Amino acid sequence: MSAAPFVSLEGLTRSFAGVRALDGVDVAFHAGEVHVLLGENGAGKSTLAAILAGVQQPDAGTVRIDGTLRSLSSPREAMARGIGVVFQHPRFVPSLSLADNVALGGGPWWRRPLPAEIARRMREAERRIGATAPLDPLAKAGSLSQGELQRAQIVRALMRDSRLLVLDEPTSMLTPEEAADLVALMRRLADDPDRPMAIVFVTHKLDEALDCGDRITVLRRGRKAGELRPGADMPREAARRALLAMMFSGAAALAPRPSTGVLPDAGREILRIEGLVAPPLDGIYLSVRAGEIVGVAGIDGNGQRELAEALAGQRAMVAGDIRLDGLPLGPLGVAARFRRGLRYASDDRLGEGAVGALPIALNLLLKRIGAAPFWRRGVARRVAMDAHARAMIAAFDIRAPGPHTLAAHLSGGNLQKVILARELETGARAIVFAKPTHGLDIVSAAACRERIRAAARSGLAVLLISTDLDEIVELADRVVVMSRGRIVARVAGGEGAREAVGRAISRGERRAEAQA
Amino acid sequence: MIVGPAAGHFLRVVAGPLLAALALTAIVLLLLGVDPAAYFRQVVQRGLLSPSGLQAAITRTAPLLFIAASLILAFRAGIWNLGGDGQYLLGAVVAAALAAPLAQALPLWLAWLACFAAAAAIGAAWSVLPAWLRAFRGVNEVVSSLMMSFLGLSLANVLIKFVFQDPGTTVPQTVTLPVADRLPRLLGGALPTGVLLGLLAVLMVHWVMTRTAFGTRLRIVGLNARAAAHAGLDVPGLTLAVFALSAGLAGLAGAVDVLGVQGNVRADWNPAYGLMVVPLVFLARFNGFGAIVFVFAFSVLSVGGESAARRLGVPNYVTLMIVAILLAGLAAGEVLDQRAARRRDAARAAGGEAAR
């Protein structure tokens with residue numbers, strides 16, 4: 001390992017709308033080293049990655065590459081300086097072939113290599129990462145899986161002779177086994193005797209960091225909380241404790257606490273789904289009792305969203321039966337189902353869960369427009385609306401100046417509180433939570449989980465869709481695993497649930513690949 | 001800091017763009033060889049300060065106000081109904097065709113009412129196709145409503161020349177409504193009924209959009225169609241309703257113009273109010289009160305501009321050019337203001353940091 005770092009950042013600072021996402025961070029990346037940036041949501045990891053990628057510019061601080069002061073003023077410049085980035089959401093043009101995508105942005109069109117040359121260089125790069133199943137250069141980017149798109153991004157970076165590879169939360173879309181493959185790949189690139197690369201691995205998962213980090217930098221609320229080199233002489237538990245202390249500095253009880261796994265026998269069945277077919281859903285059977293939290297696990301995009309939409313009435317059902325309290329919901333629309341007590345807290349909070357340009361007061365009543373006592377003969381009664389909003393703001397601890405604050409001006413956690421307040425209000429019988437803590441900071445996420453528990457305690461039937469295994473294991477009494485629009489496994493909550501669900505997800509993924 | 005944030009905001013968003021637009025117009029006028037001071041003096045004199053000019057400017061607002069109401073309703077609901085010209089002219093032709101015979105057969109107020117109803121109905125009918133395509137087939141209404149507008153203009157001319165042609169003249173036009181049978185002027189002639197109705201239409205639309213459940217539903221559809229579907233709103237049904245109401249108001253604009261001012265419709269006449277009012281309601285940010293102000297200002301500008309054009313030999317289009325430059329200037333002002341707000345935020349964050 002060379003002593004001088006390839007890239008070193010000093011005093012890096014970046015603010016968004018008055019919030020310091022990064023605050024005087026010093027960090028150096030060496031060739032031959034896998035350097036983990038570890039931190040909770042909102043710790044500043046992604047901002048740091050975006051600055052390395054040239055997507056964002058720091059307000060203050062310096063970037064040195066090979067000891068020389070540089071400004072990464074654009075993605076193109078970062079690329080030219082030898083920095084390659086694998087984004088969480090691959091930025092490919094879906095309608096173009098992989099070869100075209102890989103060549104995109106690589107230079108002016110007259111200097112672009114021929115397709116055969118691109119394919120040759122892709123194969124060469126794939127040999128470097130030791131890929132067994134080569135990518136098809138002519139396949140449309142839109143037809144590839146998340147894992148393949150990720151590999152294509154790595155290949156693209158290698159083809160441009162990147163010396164530093166940034167991977168932003170690369171495992172979030174992968175099965176546990178694919179994630180292990182990725183870790184091996186990073187190791188291989190860092191240990192390459194001819195061209196040792198510097199790897200920057202951004203993650204919020206502690207165990208992943210311990211599994212592969214030569215050096216771990218912990219970010220916390222935009223500041224560097226500490227750095228650790230977990231060598232062979234350091235026991236894993238000690239390293240783990242040290243990192244936890246840096247991440248949360250004494251915040252208690254952060255390890256996931258498995259739910260008891262005891263089914264509340266007293267609860268009677270509230271929600272019953274039988275043979276639900278609504279493409280891509282292909283025959284879902286599920287029952288949720290009062291007071292029960294049923295977790296729906298699985299890799300994103302295996303029908304979870306469609307299941308929630310079919311339940312809420314946003315998606316037409318081809319066959320099957322959905323019953324709430326024994327009554328069929330079949331032909332009822334979204335509004336009628338809401339009135340019956342079937343609620344859906346969408347994960348796409350500003351995309352569909354709320355209207356950003358409308359105030360909190362109206363967003364709280366979004367699914368009851370025109371209802372008394374907030375409207376009388378179709379005319380709004382603002383006093384009643386504002387009073388309702390103020391009561392909800394107090395009850396759900398929504399941090400906002402008042403009822404007229406626009407939803408778009410709320411933080412993710414507070415917007416989620418608005419949505420939960422709306423969905424849990426009077427008459428709720430069953431509720432679907434879609435990725436409820438996705439993108440929330442740790443405090444908001446904890447508050448949100450507590451709301452979910454409270455909802456179940458109050459006798460609601462709760463369906464919890466999440467891609468966060470820890471969250472599902474922590475909250476759910478039972479877990480079902482979805483793959484390709486079907487439920488492929490049913491696991492009881494409690495001890496051992498995490499491993500069983502993880503295995504089921506990998507199994508489902510392998511089977512899906514075998515079919516494809 | 002020389003100016004406070006509020007003053008800076010006003011400077012960037014209102015005063016700056018306004019002055020810049022006037023300055024740019026002055027430069028263009030200079031290039032045309034016209035004295036800008038004389039031009040502006042003439043515009044203000046003839047459009048605002050002279051009694052007859054002011055009267056003309058007020059009278060002209062009537063159809064523009066109806067069009068503004070039509071556009072505000074549609075745009076706030078996220079529907080880009082650009083078929084206003086066709087809907088307007090068909091409404092005008094139908095009202096003109098019915099007005100003269102009905103005025104003889106029915107009490108005058110009933111005849112007017114029937115004309116209004118027919119004009120609104122034909123306007124709404126002319127929007128059924130783009131409305132249906134948008135609601136159930138997802139076809140972008142910008143193109144379809146614009147196309148229907150061209151067809152509507154043609155149909156209006158066909159109707160004038162072959163169906164409603166005044167037999168008493170060889171000029172291709174509809175039968176002229178006698179001045180005695182037209183909409184009366186109120187307040188001793190100062191306020192045409194059409195203007196009062198137009199003001200009512202704009203204020204009504206503003207009230208419906210901001211205060212009623214129906215308007216709130218429309219706004220939700222317009223602001224975030226996915227949220228509307230998520231909230232269980234009948235998006236296709238609301239889309240049809242928006243088109244019908246918006247096009248109906250455009251049809252009413254035509255009726256008001258014919259019954260109040262024109263008296264008949266000549267073939268190949270197309271004032272193109274629809275597209276002219278689009279930038280005005282954008283300037284007003286779809287706010288009814290703002291729209292009233294901008295429509296009046298535009299009327300003054302166009303009445304004065306026409307007079308100045310005659311006097312100084314400037315093309316009529318200069319009026320539209322001022323509006324266009326103003327629109328561009330205000331958009332630029334908005335961007336600058338947002339940048340300034342971002343800078344302030346960053347400075348405040350840094351200041352807060354230093355204080356800690």
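Mentor: The expected span of a helix is 1.5 Å times one less than its number of residues. Keep that rule at hand, and keep in mind that this model is predicted.

Trainee: How many residues does helix H4 of chain A have, and what should they span?

Mentor: Helix H4 of chain A covers residues 115-129, which is 15 residues, so it should span 21 Å. Its end C-alpha atoms are 21 Å apart, in agreement with the rule.

Trainee: Which residues other than glycine have a positive phi?

Mentor: Two cases are in chain B. Arg285(B) has phi near 50 degrees, and Phe286(B) has phi near 65 degrees. Arg285(B) lies in the loop between helix H12 (273-283) and helix H13 (288-312) of chain B, and Phe286(B) is found in the loop between H12 and H13 as well.

Trainee: Is Arg285(B) buried or exposed, and is Phe286(B) buried or exposed?

Mentor: Read the relative accessible area: under 20% is buried and over 50% is exposed. Arg285(B) has 51%, so it is exposed. Phe286(B) has 16% and therefore counts as buried.

Trainee: Where does Pro130(B) lie, and what is it in contact with?

Mentor: Pro130(B) is part of helix H6 of chain B, residues 128-137. Its relative accessible area is 2%, so it is buried. Leaving aside neighbours within four places in sequence, its contacts are Ser144(B), Ser145(B), Met148(B) and Phe243(B). Gly83(B) is 47 residues from Pro130(B) along the chain, and the C-alpha atoms of the two are separated by 9.2 Å.

Trainee: Which peptide bonds in chain A are cis?

Mentor: Look at omega. The bond from Pro279(A) to Pro280(A) is cis, with omega near 5 degrees. Another cis bond joins Ala372(A) and Pro373(A), where omega is about 0 degrees.

Trainee: Where do Pro280(A) and Pro373(A) lie?

Mentor: Both are in loops of chain A. Pro280(A) lies between strand S11 (269-278) and strand S12 (281-289). Pro373(A) lies between helix H12 (360-364) and strand S17 (375-376).

Trainee: How many helices and strands does chain A have, and why is it called as compact as a globular protein of that length?

Mentor: Chain A has 17 helices and 22 strands. Its radius of gyration is 25 Å, close to the 24 Å that the globule rule gives for 516 residues, so the chain is as compact as a globular protein of that length. The C-alpha trace spans about 70 × 55 × 50 Å along its principal axes.

Trainee: What share of chain A counts as buried, and what share of its contacts joins residues 24 or more positions apart?

Mentor: Of the 516 residues, 51% count as buried. Among contacts with a separation of 6 or more, 69% are between residues 24 or more positions apart. For the surface, chain A exposes about 22,500 Å², with 53% of that supplied by carbon and sulfur atoms.

Trainee: How many charged side chains does chain A have?

Mentor: Chain A has 70 positive and 58 negative side chains, and the centres of these two sets lie 5 Å apart.

Key:
Residues are numbered from 1 along each chain as its sequence is written. Chains are lettered from A and ligands numbered from 1 in the order in which they are written. This is a predicted model: local features need pLDDT of at least 70, side-chain atom pairs count only at pLDDT 80 or more; totals for chains, interfaces and linings use all residues. Side-chain values use heavy atoms; hydrogens and water are left out. Helices (H or I, at least four residues) and strands (E, at least two) are DSSP runs, numbered from the N terminus. The radius of gyration is taken over C-alpha atoms; the globule rule is 2.2 Å times the number of residues to the power 0.38. Buried means under 20% relative accessible area, exposed over 50%, partly exposed in between (1.4 Å probe, protein chains only). Contact means heavy atoms within 4.5 Å. Accessible areas come from the Shrake-Rupley method with a 1.4 Å probe; for residues, only the protein chains shown count as cover. Lys and Arg count as positive and Asp and Glu as negative; His and the chain ends are not counted. The place of a charge is taken as NZ of Lys, CZ of Arg, CG of Asp or CD of Glu.
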